[in-house]
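Me: I would like to go through a structure with you. Could you take my questions one at a time?

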Amino acid sequence: MLRVIGLLLLIPLFDIVLLVTVAIPFLGPLVTVALVVLTALIGMLLVRAEGRATLRKIQQRLAVGELPTDELIDGGLLIAAGAFFLTPGLVTDFVGLLLAVPFTRYPVRAATRRWVVQPYVDAKTGGFASGQVYVGGFPNDENGPGPTGPDGGPSPGSGSGPGTSFDPEEATDVDFDDSDEN
């Protein structure tokens, strides 16, 4: 978390250094300020238009009973883009533009889903949401999960896993009758 905060503080600092050392000597102070204000205004108009389109997509997905996961990630990226556009500077405006334009936002959305959303959901659900569940046996089992194969799963013929044969003599009687009679 401290790395993220440090990065968020370094970006505007880098932006100010870039403005002072590069833009002002070459463009002049008035043109530099006008450029920063103009990019912020155009960027905010772009974020506003994309936000409305994303909200419309969210409503359409909800109307047909689907979860709007991509659209919600896009909404978060558009909020970040708006924050970058409001921060004065050319670098932050460029990053905001990358997050606001749809064809550059798609790879960022895929990366966000893979490296932020999926690990968070897996941590909260113990892997049940993505299917990354421990299947090697019961935890704290006295026999342990058994030998593992090259892929990390049960080795073939180890007596555990999907290829296990069923021995009816070892099975116990279980009554699956759901009636009210006992």
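This is a predicted model: local features need pLDDT of at least 70, side-chain atom pairs count only at pLDDT 80 or more; totals for chains, interfaces and linings use all residues.

Me: Fine. What percentage of the protein counts as buried, then?
Reply: Of its 182 residues, 20% count as buried.

Me: And how many helices and strands are there?
Reply: The protein has 5 helices and 0 strands. Along the sequence, the pattern reads α-α-α-α-α.

Me: What share of the contacts comes from residues 24 or more positions apart?
Reply: Among contacts with a separation of 6 or more, such residues account for 50%.

Me: Let us turn to H4. Which of its residues are buried?
Reply: Helix H4 spans residues 90-100, and its buried residues are Thr-92, Asp-93, Gly-96, Leu-99 and Ala-100.

Me: Why do they line one face of the helix?
Reply: Viewed down the axis of H4, the buried residues fall within an arc of 120°, so they line one face.

Me: What covers them?
Reply: The cover of the buried residues of H4 includes helix H1 (2-27), helix H2 (29-63), helix H3 (69-86) and helix H5 (102-125).

Me: Which residues is it in contact with, leaving aside neighbours within four places in sequence?
Reply: On that basis, Leu-97 is in contact with Leu-46, Phe-85 and Thr-104. As for Gly-82, it is 15 residues from Leu-97 in sequence, with 9.2 Å between the two C-alpha atoms.

Me: Now Ala-23. Where is it, in which helix?
Reply: Ala-23 is in helix H1.

Me: Is Ala-23 buried or exposed?
Reply: Ala-23 is buried, because its relative accessible area is 6%, and the cut-off for that class is under 20%.

Me: Which contacts does Ala-23 have, again leaving aside neighbours within four places in sequence?
Reply: They are Leu-18, Gly-28, Thr-32 and Leu-90. Leu-90 is 67 residues from Ala-23 along the chain, and their C-alpha atoms are separated by 9.2 Å.

Me: Changing topic: what is the volume of the largest pocket?
Reply: The volume of the largest pocket is about 400 Å³.

Me: Which residues line the largest pocket?
Reply: The lining consists of Met-1, Val-4, Leu-7, Leu-8, Ile-11, Leu-77, Ala-80, Phe-84, Leu-99, Val-108 and Thr-112. Leu-99 is also one of the buried residues of H4.

Me: Which helix gives the most to that lining?
Reply: H1 gives the most, with 4 residues. H1, H3 and H5 each supply at least two residues of the lining.

Me: And the lining by class: how many nonpolar, polar and charged residues?
Reply: The lining has 10 nonpolar residues, 1 polar residue and no charged residues.

Me: Lastly, which residues does the UniProt annotation "transmembrane region" cover?
Reply: That annotation, from an unreviewed UniProt entry, covers residues 29-47. In the model, the span 29-47 is 100% helix and 0% strand, and its end C-alpha atoms lie 27 Å apart.

Technical notes:
Residues are numbered from 1 along each chain as its sequence is written. Side-chain values use heavy atoms; hydrogens and water are left out. Buried means under 20% relative accessible area, exposed over 50%, partly exposed in between (1.4 Å probe, protein chains only). The arc is that of the directions from the helix axis to the C-beta atoms. Contact means heavy atoms within 4.5 Å. UniProt positions are given in the numbering used here, feature names are shortened, and annotations may be inferred rather than shown by experiment. On a 1 Å grid over the protein atoms alone, a cavity is a set of points where a 1.4 Å probe fits but cannot get out, and a pocket is an open set with protein on both sides within 12 Å along at least five of seven lines; lining residues have an atom within 4 Å of a point. Grid points are joined across faces, edges and corners, and a volume is the space filled by probe spheres set on the points. Ala, Val, Leu, Ile, Met, Phe, Trp, Tyr, Cys and Pro count as nonpolar, Asp, Glu, Lys and Arg as charged, and the others, Gly among them, as polar.
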